[in-house]
Amino acid sequence: MTPGDLPPFSGYLGTNDVPTAEVLKDLDEYLAGPARDLQKMDAEIDEITHRLSALYSERATLTARVKEHQGVCSLIRQLPDDILGEIFIRCLPSDRFPGLRFADAPLLLTTICRRWRDVAILTPQIWANINVTLSPDEEEMERQLEDTRRFISRAGSLLLSLSVFESGSGGSTDSEVKEMSPFFQYILSLLPRTRLLHWKVSWGEGPEHFLRGLQAEAFSQLEEVRINWSWLSDRKEVDGIAPFLLGPKLRTVGLSGGKLGIALPSALPSQWEQLTSLTIRNEYYDSVPNIQALTHLLQQCPNLRTCSVSLRGVEPHTVTDWDSPGPWVEYVATPDHTERTILLPFLHILKLHYYGFVGDFIKRLHVPSIRELVLADGPSQDLGVVYPAAALGAFVTYHDYCLPFIEKLEIQAKRYAYLIIAESLEKLKNLRHLVISGSDSVSGGQWDPTNLKQNRGFHQDLLVRMTPDVSPSCTSTPSPSDSNVPSLHPHLSQCLCPLLERFDYLESDHYLWNQQAILTFDVVLTWVSAKWDASQKYPGLVSPIKHLTLPTRTSPDRKWKSALKPWRKKGLVVEIAYPYLEEDPLQRTPQYRGADEWVN
């Protein structure tokens with residue numbers, strides 16, 4: 001740039017030189033033109049800004065008008081009322097009955113618009129199911145009665161599904177109060193048209209007192225009854241059969257709780273050939289049916305599909321050397337002459353919650369269609385002790401005919417010698433879902449790799465045995481029906497549970513005191529990786545792990561997420577489970593009490 005190209009007064013720019021009066025005059029003349037241009041430009045910007053604001057305002061008005069009128073021609077408005085009603089039916093909660101809450105359907109559907117309210121009120125199917133949590137307060141119960149009457153009236157003449165939860169103290173559930181209560185009288189009036197009846201009692205005798213005063217005809221439409229007593233330790237047993245167990249259409253029965261006289265098999269009806277689901281759960285040892293009583297009951301229910309029962313087996317002192325049993329002594333308390341007298345040809349799910357040794361009962365079973373097996377033993381509230389009984393070995397030994405059909409297994413590993421678990425899983429070739437609960441290193445003791453017979457409970461060595469070890473020298477890819485699979489894949493054939501897709505490892509409440517890490521990150525990662533790789537190379541012979549539940553102690557930091565990321569992208573679901581604190585593994589729900597006490 002030449003000196004002639006420099007802007008005027010450039011010599012003063014970037015300096016502190018003081019200009020003369022003549023220079024200041026020339027500078028004012030120089031800036032007059034740009035100042036006029038700047039003022040003109042500001043005016044133009046103000047004009048454009050004002051115009052733009054007006055356009056935005058006009059656009060907002062037009063947008064609101066378009067949206068308002070677009071709603072008139074929306075597809076939802078064009079749906080006939082009957083189709084809209086069908087949609088409303090599918091809006092109901094799938095895991096529970098709807099309650100008297102405007103946050104849930106169907107009451108929520110009545111708050112959207114006038115047409116939706118009219119359609120909802122005229123769709124009786126969405127009002128035929130209801131859950132009510134009774135308040136011990138009399139005024140609140142009166143309000144609940146009014147709301148319940150209005151709710152049920154909209155169901156028209158349809159059959160009903162009722163779920164009632166009684167809360168409060170023993171004084172609020174006294175049977176005499178119930179008989180005087182308008183709410184209970186209203187419930188009684190609904191029973192002849194009730195299809196499903198669920199009743200949970202937090203204190204007292206619950207509905208049994210006033211239900212026993214009815215005739216069996218009052219339950220002519222009843223297909224399912226489930227009653228749960230959460231607390232009932234001093235209840236007196238009542239003679240005779242409760243009339244609600246005599247319904248001619250009854251298919252599902254669930255009785256759970258404390259000392260339940262009606263839950264004893266000797267007090268149940270014998271004409272239960274139509275039952276497809278049976279739950280008999282007792283927590284008090286004296287009320288738990290013994291082997292003979294439960295055998296008699298199940299013989300009357302040949303069409304069961306689902307069975308969840310408590311069972312009192314043989315007490316420890318009747319079995320030799322139960323303190324230090326060998327691999328199979330844990331369940332050998334069965335006379336050789338026992339025959340299979342409990343014929344359940346259609347049973348798919350068996351959940352057995354037992355006390356003591358139950359090999360004699362297991363040997364009597366005939367369950368050719370079983371798909372899911374849950375075996376759990378635990379302390380009795382009466383005795384406060386746990387018998388070290390394990391039933392898996394007995395089942396595997398006596399029921400080899402149905403082992404290929406079992407797809408889900410749940411056990412409490414700490415009751416078992418480790419080799420029993422491993423040898424049993426070796427025979428469950430088609431197992432898809434394995435749940436190991438109630439396992440802890442305290443009861444299992446220190447792991448001794450040199451003497452597997454003395455080890456008890458779960459150990460990560462089990463996952464090592466489940467890890468497919470495919471030889472890289474094998475290049476052929478046989479089909480699942482290839483007769484040479486064992487010879488082509490010797491390591492594959494030795495893998496435990498090659499088709500396993502879900503593994504849930506749930507520690508017991510001894511979690512805080514367990515110092516021995518019995519499931520490490522490296523073993524899990526190697527297992528998951530090998531399963532996914534083998535499933536790609538040998539589809540049909542090995543399944544990938546799709547769902548994994550592990551305790552917090554196994555995965556204390558974030559390296560799990562990054563290490564498992566490749567398989568999580570492919571669909572692997574990983575759950576981190578705090579120790580399960582629920583005593584009953586058959587009815588458990590995840591609990592996170594005090595989790596922040598041990599999780600950072």
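Of the contacts in the chain between residues at least 6 apart in sequence, 75% join residues at least 24 apart. The model is predicted. Its chain has 600 residues, and buried residues make up 44% of them. The secondary structure comes to 19 helices and 16 strands. The accessible surface of the chain is about 30,900 Å², with 53% of it belonging to carbon and sulfur atoms.

A walk through the chain can start with helix α1, which covers residues 21-70. This helix has 50 residues and reaches 71 Å from its first C-alpha to its last, close to the 74 Å expected at 1.5 Å a residue. There is a bend of about 30° in α1 at alanine 32, and proline 34 follows within four residues.

Next come the strands around β5. Strand β5 spans residues 252-257, and six of its six residues are buried, so the strand is largely enclosed by the rest of the structure. The cover extends to both faces of β5. On one side lie Thr252, Gly254 and Ser256, and on the other Val253, Leu255 and Gly257, all of them buried. Strand β4, residues 224-229, pairs with β5 in the parallel sense over five bridges. Within that pairing, isoleucine 227 has leucine 255 of β5 as its bridge partner. Strand β6, residues 277-282, also pairs with β5 in the parallel sense, here over six bridges. Valine 253 has its bridge partner in β6, namely leucine 278.

Not counting residues up to four places away in sequence, phenylalanine 503 touches Leu434, Ile436, Phe458, Leu463, Trp527, His547, Leu548 and Thr549.

A further set of strands is arranged around β9. Strand β9, residues 349-355, is mostly covered, with five of its seven residues buried. Strand β7, residues 306-312, runs parallel to β9 and is joined to it by seven bridges. Serine 310 stands opposite histidine 353, which lies in β9. Strand β11, residues 372-377, pairs with β9 in the parallel sense over six bridges. There, tyrosine 354 has aspartate 377 of β11 as its bridge partner.

Notes
Residues numbered from 1 in each chain as written. Predicted model: local features only at pLDDT ≥ 70, side-chain atom pairs only at ≥ 80, totals over all residues. Heavy atoms only, no water. Contact = heavy atoms within 4.5 Å. Buried < 20%, exposed > 50% of the residue type's maximum accessible area, 1.4 Å probe, protein only. Helix = DSSP H or I, 4+ residues; strand = E, 2+ residues; numbered from the N terminus. Pairing = 2+ DSSP bridges. Expected span 1.5 Å × (residues − 1). Bend = angle between axes of the 7 residues up to and from the residue. Areas by Shrake-Rupley, 256 points an atom, 1.4 Å probe, with all protein chains shown as cover.
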